Amino acid sequence: MVPQTAVVIRAGEVEQVPASQLVIGDVVIVEEGDKVSADSRLVEERELRVDNSTLTGESEPLRRSADGFIEGDVPVSDVPNLIFAGTSVVFGRGKAVVYAVGMDTQFGKIAALTGEVGPEKSPLQQQIDGAVRTMALIALFLGLVLFLAGSMLGGLDPAKSLTFAIGMIVANVPEGLLPTVTLALAVGVQRLAARNALVKRLSAVETLGSTDVICTDKTGTLTQNEMTVREVWAGYEAWGVEGVGYDPRGRFVSVGSDREATEATASLRAALESAAYCNNAKLLSPEGESDDWRIVGDPTEAAMLVAAIKGGTDVITDRPRVYELPFESKRKRMSVIYSNGNSLTAYVKGAPLVVLGLSDRLVEGGEVRELTAADREAITAVNDGFAAKALRVIALAKRSLPVDTADITTENVETGLIFLGMMAMMDPPRPEVEAAVSECRGAGVQAVMITGDYGLTAESVARRIGLVRGQELRIVTGTELETLSDEELRDLLEKGDLLFARASPENKMRGAQAYRAIVWTVAMTGDGVNDAPALKKADIGVAMGQTGTDVAKEAADMVITDDYFATIVDAVEEGRVVFDNMRKFINYIFAHLTPEVVPFVLFVLLQDINFPLGITVLQILAIDLGTETVPALALGVEPPEPGIMSRPPRAKKEPLLNREILIRSYGWLGTIEAVLVTAAFVFVLYRGGWVPGAPDISGAGSPGHQLYLEATTMPFLGIVVAQVGTLFASRTHRASVFTVGFFSNRWVLVGVVFELVVAALLMYVPLFARFFGMAPLGPLEWAIAFTFAPIIFFADEGRKLLLRRRDAHRAAQDLVDDRAGAEREKKAA
């Protein structure tokens with residue numbers, strides 16, 4: 001990478017030095033195409049315009065002036081005689097004195113502000129901490145209860161009671177939790193990468209799923225960051241221009257009809273010709289594998305050039321340019337003079353009312369006629385209509401000059417013009433944004449614009465993409481935001497449609513903090529240096545990969561490689577899938593804890609009849625660390641459940657291990673498994689001749705020990721097979737498994753085969769059977785065990801059906817109540 005350099009005047013000599021060697025007091029020279037290397041104050045300039053988008057988010061170049069300025073209540077980025085490190089010059093040239101370098105520049109201050117934001121635990125990390133604490137307390141509580149019950153009620157000696165208490169604790173520890181969470185997140189990262197989102201922090205995947213608010217920048221995120229001509233008015237003909245950005249493919253369509261300009265009319269052709277000739281921009285075609293068209297020069301001129309090419313104007317010409325009267329802010333126009341051989345033609349563009357005031361004729365229908373007062377009123381009304389839509393408008397005109405014209409001045413050239421038309425342009429919204437915003441709204445996610453651009457421009461974009469739907473909109477400027485207390489800001493955030501304009505980096509970061517203070521999960525998007533502090537402060541920062549600065553990408557948790565806002569919505573969906581899958585896994589592994597615990601409870605409570613322990617600690621470990629591993633991991637790659645983006649975000653403080661999960665796993669599925677497994681254990685005992693009160697058969701040398709091995713093997717096999725039913729049942733929370741496809745997750749099928757094969761190996765391989773205290777079972781026992789899976793599966797399908805009916809009834813009742821309320825309001829009005 002070539003180091004950035006600066007042109008500096010030292011000791012009267014002009015020299016080029018590395019930007020890192022600039023010092024305060026150096027006089028630097030900047031011109032079109034240069035990157036500004038240090039914060040500097042202008043002392044001379046000629047029509048200097050700079051692109052401050054990396055600092056402020058404004059897509060339109062700003063005019064800079066060397067005139068003195070008395071600082072008032074304005075952001076430092078708006079001070080007209082200052083230029084800043086990291087910005088670029090798009091037009092003109094200037095001479096400036098360096099007043100800040102390195103970390104003292106605005107760029108450096110933003111970097112320092114970003115560095116002040118320390119690392120915080122993600123919502124997922126906090127959720128897992130809470131879940132682990134809950135699991136540990138449950139395990140310790142049950143272990144303590146079993147120890148006390150065994151010692152005090154069961155008459156066991158303390159050592160034996162302690163052994164069984166430890167078994168109880170082991171039975172309640174989900175050993176596969178962390179690897180499954182890691183797998184679910186890794187799969188989410190992989191899926192997001194396929195959808196053009198690169199995740200830098202693994203836990204950020206789940207955080208997206210709980211997002212309540214997406215605070216989004218405008219330029220480059222919601223918009224193309226490429227000025228585009230949207231409408232052309234020429235000779236009382238209004239044309240819409242299709243296509244976005246600098247891609248020259250598109251067509252002209254008559255406004256009010258579907259008539260396409262397959263061949264430009266004379267009036268339109270004259271306007272497009274003027275736009276092409278009065279232009280210093282260059283359009284560069286895509287290179288390599290990229291499809292992006294690039295420009296050199298001013299974005300406004302580039303937009304006009306692209307429109308001219310769309311209209312079929314040949315911008316490659318042998319007509320020599322004779323003279324240029326460059327744009328000046330005082331004149332608000334520029335002129336370029338071309339030679340036609342026997343005459344000269346001056347093409348003029350500028351502010352509509354200024355150019356109109358210098359014109360006395362008009363092109364209409366290909367004919368030049370006198371410009372009347374009615375024409376002036378009509379043109380002014382068209383211009384006002386464009387301005388009301390927050391479009392930037394440039395007027396076009398021309399005039400002929402004698403070939404021997406010697407005194408080329410603004411007074412001689414820019415008068416008696418023929419008015420050709422107007423071009424209205426804007427930085428257009430990305431085509432996919434409107435649908436993505438609508439999907440956000442349906443998912444209960446609020447999207448809020450926080451931009452450095454002007455309020456009217458931001459409002460226009462917000463209304464175009466559906467970010468704002470009501471008539472009432474509160475626009476809060478950065479200056480106003482600084483005057484609000486935390487309580488006032490919090491109240492404001494909870495009221496109606498809102499957007500932030502002219503926001504500084506500090507304002508954006510405070511906005512993120514304020515939303516988080518409401519206990520909302522906040523995602524912040526951005527691409528500029530000015531976005532970095534807020535990206536780091538939010539629960540999850542999302543940077544744009546193509547237009548984003550390195551500073552923004554470094555501060556973010558996720559980088560969107562295609563710069564599509566819709567990709568963020570995809571990421572929200574993927575985050576919800578990850579969280580759902582973690583709950584599915586927890587439901588699955590907790591369900592077999594109950595049938596593992598019940599044998600210890602029965603063993604303690606039924607000591608008076610010498611009831612044997614139904615499962616051993618080693619057999620529990622064989623289930624938890626053996627047969628259940630692959631099936632649990634399979635739930636980590638489960639596809640989305642239907643309607644996942646139709647429900648509101650979960651509350652930030654809602655625990656991963658909530659009451660619904662505990663009831664479903666421990667109380668419902670676990671209880672069914674425990675009843676089935678205990679019944680199977682007792683069946684094998686009775687079938688082998690055991691009766692209550694019989695001597696202990698658990699000892700290795702005791703009579704009936706073989707029966708005990710077979711009996712304890714039955715609960716082991718019963719739990720394994722029952723978990724097959726639980727595995728399929730856990731694939732959805734509310735929807736029927738048949739709606740997502742019974743065999744749609746092939747890893748579930750792999751998991752089923754895995755656990756059955758492992759169970760068979762542990763039972764039938766003598767070495768494993770001796771170690772885990774098991775014995776081979778016959779066909780009858782296998783047949784009994786295989787009934788457990790469908791019993792559990794269909795029992796849970798019935799539960800889901802009742803829940804869906806209840807939800808549908810509630811939704812219908814809410815609709816009736818809403819209609820009744822609306823009717824009452826109508827009558828009251």
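Guide: Angles here run from 0 to 180 degrees between N-to-C directions of the helix axes. The model is predicted.

Visitor: What makes H23 roughly antiparallel to H24?

Guide: H23 and helix H24 (residues 705-729) pack at an angle of about 150 degrees, their axes 9 Å apart. Angles over 145 degrees count as roughly antiparallel. Therefore H23 is roughly antiparallel to H24.

Visitor: Which hand does the crossing of H23 and H24 have?

Guide: The crossing of H23 and H24 is right-handed.

Visitor: Now the surface. Which residues make the nonpolar patch?

Guide: Val753, Val757, Leu761, Leu767 and Phe768 make a nonpolar surface patch of about 450 Å².

Visitor: Which helices each supply at least two residues of the patch?

Guide: Helix H26 (746-764) and helix H27 (766-772) do. H26 gives the largest share, three residues.

Visitor: How do you know that leucine 767 is exposed?

Guide: Leucine 767 lies in helix H27. The relative accessible area of leucine 767 is 57%. Exposed means over 50%. Leucine 767 is therefore exposed.

Methods. Residues are numbered from 1 along each chain as its sequence is written. This is a predicted model: local features need pLDDT of at least 70, side-chain atom pairs count only at pLDDT 80 or more; totals for chains, interfaces and linings use all residues. Side-chain values use heavy atoms; hydrogens and water are left out. Patches are made of residues with over 30% relative accessible area and no salt bridge: like charges are joined within 9 Å, nonpolar side chains (Val, Leu, Ile, Met, Phe, Trp, Tyr) within 5 Å. Accessible areas come from the Shrake-Rupley method with a 1.4 Å probe; for residues, only the protein chains shown count as cover. A salt bridge is a side-chain nitrogen of Lys or Arg within 4 Å of a carboxyl oxygen of Asp or Glu. Helices (H or I, at least four residues) and strands (E, at least two) are DSSP runs, numbered from the N terminus. Buried means under 20% relative accessible area, exposed over 50%, partly exposed in between (1.4 Å probe, protein chains only). Angles under 35 degrees count as roughly parallel, over 145 as roughly antiparallel, 65 to 115 as roughly perpendicular and the rest as oblique. A crossing is left-handed if the near helix is turned anticlockwise from the far one by less than a right angle, and right-handed if clockwise.
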